[in-house]
Every structure is written in structure tokens, then in C-alpha cells.
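The following dialogue is intended for a student who is learning to read a protein model. Please study the sequence and the structure before going on.

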Amino acid sequence: MSLARLNPAQLAAVEHSGGPLLVIAGAGSGKTRVLTARVSRLLARGVPPEGAALLDLSGLSGVLEYEPGEFTFTALAGTRVLDVQALLSEHGQYLPFDPPLAEAGATLGGTVASGLSGPGRYRFGGVRDFILGVKWINGAGEVVRGGGKVVKNAAGFDFPKLFVGSLGQLGVIAELTFKVFPKPEAYATLRCDYPRLAEALEALQKLYGSQLDIEALDLRPDARSTTLYVRLGGLITALSARLERLSQLIGRGEVIEGADDAALWRNAREFEWVPRGATLAKVPLTPARIAPLEAALGETIILRRYGAGGQVGYLAIPPGADGLRTKLEATLNEQRLSGLVVFGQTDTVFIGVPRSEHAFARRVKQALDPTACYAVIGNS
């Protein structure tokens, strides 16, 4: 069933009259396949299991409220991130966590459900730091609201954050409220190449201890060197002096500005560095775990980039190299790391060390979705 401009109440009626299992589909920009306890491996390949109802939310779109002076907006979950960005840009505002895959059609609901954030999360935090309110439909077909529509909100338990990374398993997100920020006047990036990974990691630690306001910080190793990209944003008149202080701290490098700077970070945000047909996994980690992971991966052709100052790794298996999936799984298990498949061919959305389901998480799931009737295909 496809939803075209349904409101949350109508959506609830559709859900409540549905079958025992609802498969939630968004725009499919991430191509993530998520399994729940009641869904067979067919769902992992994008095929709804027998007896399931496909709930297509791509038509549930539109900005409902936008107050530029309050720096907040409310929109339906199927609203494309790209459309929101265009609206915010008219008022000099933006979503600082850089929602990934916007140009591929990612939606607000998919961004929240997948928990994906882009390069800007280094300075400002991820999607969970910007979501203020959520309206969702639970397994009983009831419309439930959590959070609020203002920045200074203290209305009890912070339900909106529970939905970040929930992968559609707590209910169907119908409506979301976000806070936004003024967009910087200009950006510039300093690129520094290091012959050894250890030197790049040492520079990374220096940046952590500095008082520089860094917008984004990415580490990109390859066979011959490791490159550190440090992005600054703010007033045009202040960028030159700030770049000079940055150069003095970590060494001289190439300054990238204007269209080249924008293209560089667009490449990171949209995962354009990942070959078409590849499988991409997101691995939460810390900078201290990068060197052991790199040593374990060795000279395999698994592509690697480390974003948010080394707090998250993106590992890509090129197309036609399916045998490397076993190598990647073994490496993550050995390093005691867990991963989430962002897109690509997979039979399960999680790889590496199995995620433990804590008692609190089970209680939340039981409270929000007692009938356990949700799954999702297409994380955006």
C-alpha cells in the first residue's frame, strides 16, 4: 500500500486494519535491509515475507510548520531531506549534522530511523542532538507524540531520541520536529598528508586538545599515506587567520576553498567515494581503535574512511569482491566491533559482534510496539 498525503490519523487507520506484519518502506536511498525476529531472510533481500503488508511512506511528505525566527521546523516523515535543505537555505539556515544521502533521496524519517549523520556531526553532534519531537503510530494503531516543537522543552521522557537508529522497529514515524542553526558564511579545508598512520593519529589528538572550532574532521588512509581533512566554517574575514593557526598546530598543507571544498565534503556526505554496487558498513569506534583495525585489515581492497574525528568508520567492500565479507566479519569480531550495513547486498543488517539487547531496550520495545509488527526495508 502506498501513502499519498495521508495524515497520521489516516495512517493509524491503515495500520490497524493491516496484517500481522507491516514492512515499512521509505525512499530506499540507503538500501538497508532490516530484520526483526518475525521476518524471514526474504526481507533482507527486499522481498516482504508471506502475509506481510508493505507500507510505503514515500508519499507522506511535506513541511507542516517552519519558524525561521524560532529555528525549528516540523515535517512529515517522508519529506525529502533535499527539499528541507532548500527551504532552510532561503533563510540562511541548515541542518548542521549533514544528513547523508540527501541527493539520493533520503527522507527525514529514514535519516532518524537509520541514525546516520554526516561530517558536520564532529562539531555539532548527530541527528539525535537536533530532533525535538516525534509523532508515531504504535502497533495498536494509536497516534502517540513525544517531545515538543520548541528548543527549550522539558516535557518528560525524551522519546524522540529513542527513534534515532531504531530502524523502524518501535513504530511508524509519521511526523518530526527539528531545530536548525544559522549557516556559516564560508568554509575552508586544510588537507595534510602523512607518510604513516601513526603521524596522522598524533595530529588528530592535537586537534582534540586544541581550542579551534572545527566543523569536520576526516581521516582517509590508503596504501601509501594517510590524509587528514580539517574543515573550518564561519566568517570570511576570519578564515585566513584561523587556517594559519591550524597550520601551525598540525603542519602546512593544501588549503581547499570554494567549490572544491564543497565538492570534497559532498563526496563524503553522499558516499560518492564508494563504488557503485559496493556494500558499505558503518562501524562506531574511537580513534584509539583505528590503528589496530587498520593493521588487521592489512592491504585488503576494503576501502576505509574514518569520520567525525575517528568516532565512526566506513568500510566498503567493492563489487565483485564478495569473499571479503568473511574477512570483514572476522576482523570486526576479532576487534570486538559491531557494524551496520548502510547499503549493499546482505542477508543481515548487522555485522561483527552481535549487539546485546539490554533489559531496558526490551522494555522500551515492549512498551512502544507490544505486537512486534514492524520491520523496514529501505532505511531512507
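The dialogue below treats a sheet, a loop and a pocket in turn.

Q: What kind of model is this, and how are residues numbered?

A: This is a predicted model, in which local features need pLDDT of at least 70 and side-chain atom pairs count only at pLDDT 80 or more, while totals for chains, interfaces and linings use all residues. Residues are numbered from 1 along each chain as its sequence is written, and side-chain values use heavy atoms, with hydrogens and water left out.

Q: Which order do the strands have in the open sheet of 5 strands?

A: Strands (E, at least two residues) and helices (H or I, at least four) are DSSP runs, numbered from the N terminus. Two strands pair if DSSP finds at least two bridges between them. Here the order is β4-β5-β9-β7-β8, with antiparallel pairing. Because β4 (63-67) and β8 (143-147) stand at the edges with a single partner strand each, one side of each is left without a neighbour in the sheet.

Q: How many bridges join β4 to β5, and which helix lies across these strands?

A: The antiparallel strands β4 and β5 (residues 72-76) are joined by 4 bridges. Glu-65 has Thr-74 in β5 as its bridge partner. Helix α3 (residues 81-89) lies across both strands, at about 25 degrees to β4; such angles run from 0 to 180 degrees between N-to-C directions of lines fitted to C-alpha atoms, for helices over the stretch in contact (heavy atoms within 4.5 Å).

Q: Are Asp-98 and Leu-101 buried or exposed?

A: Buried means under 20% relative accessible area, exposed over 50%, and partly exposed in between (1.4 Å probe, protein chains only). Asp-98, in the loop between β6 (93-94) and α4 (108-114), counts as buried at 14% relative accessibility. Leu-101, also in the loop between β6 and α4, counts as buried at 4%. Neither is a glycine, yet phi is positive, about 55 degrees for Asp-98 and near 60 degrees for Leu-101.

Q: Which residues lie nearest the centre of the second largest pocket?

A: A pocket is an open set of points on a 1 Å grid over the protein atoms alone, where a 1.4 Å probe fits, with protein on both sides within 12 Å along at least five of seven lines; lining residues have an atom within 4 Å of a point. The second largest pocket is lined by 25 residues, and Pro-221, Asp-222, Ala-223, Glu-294 and Arg-304 lie nearest its centre. Among the elements that each supply at least two lining residues are β12 (216-221) and α10 (290-297).
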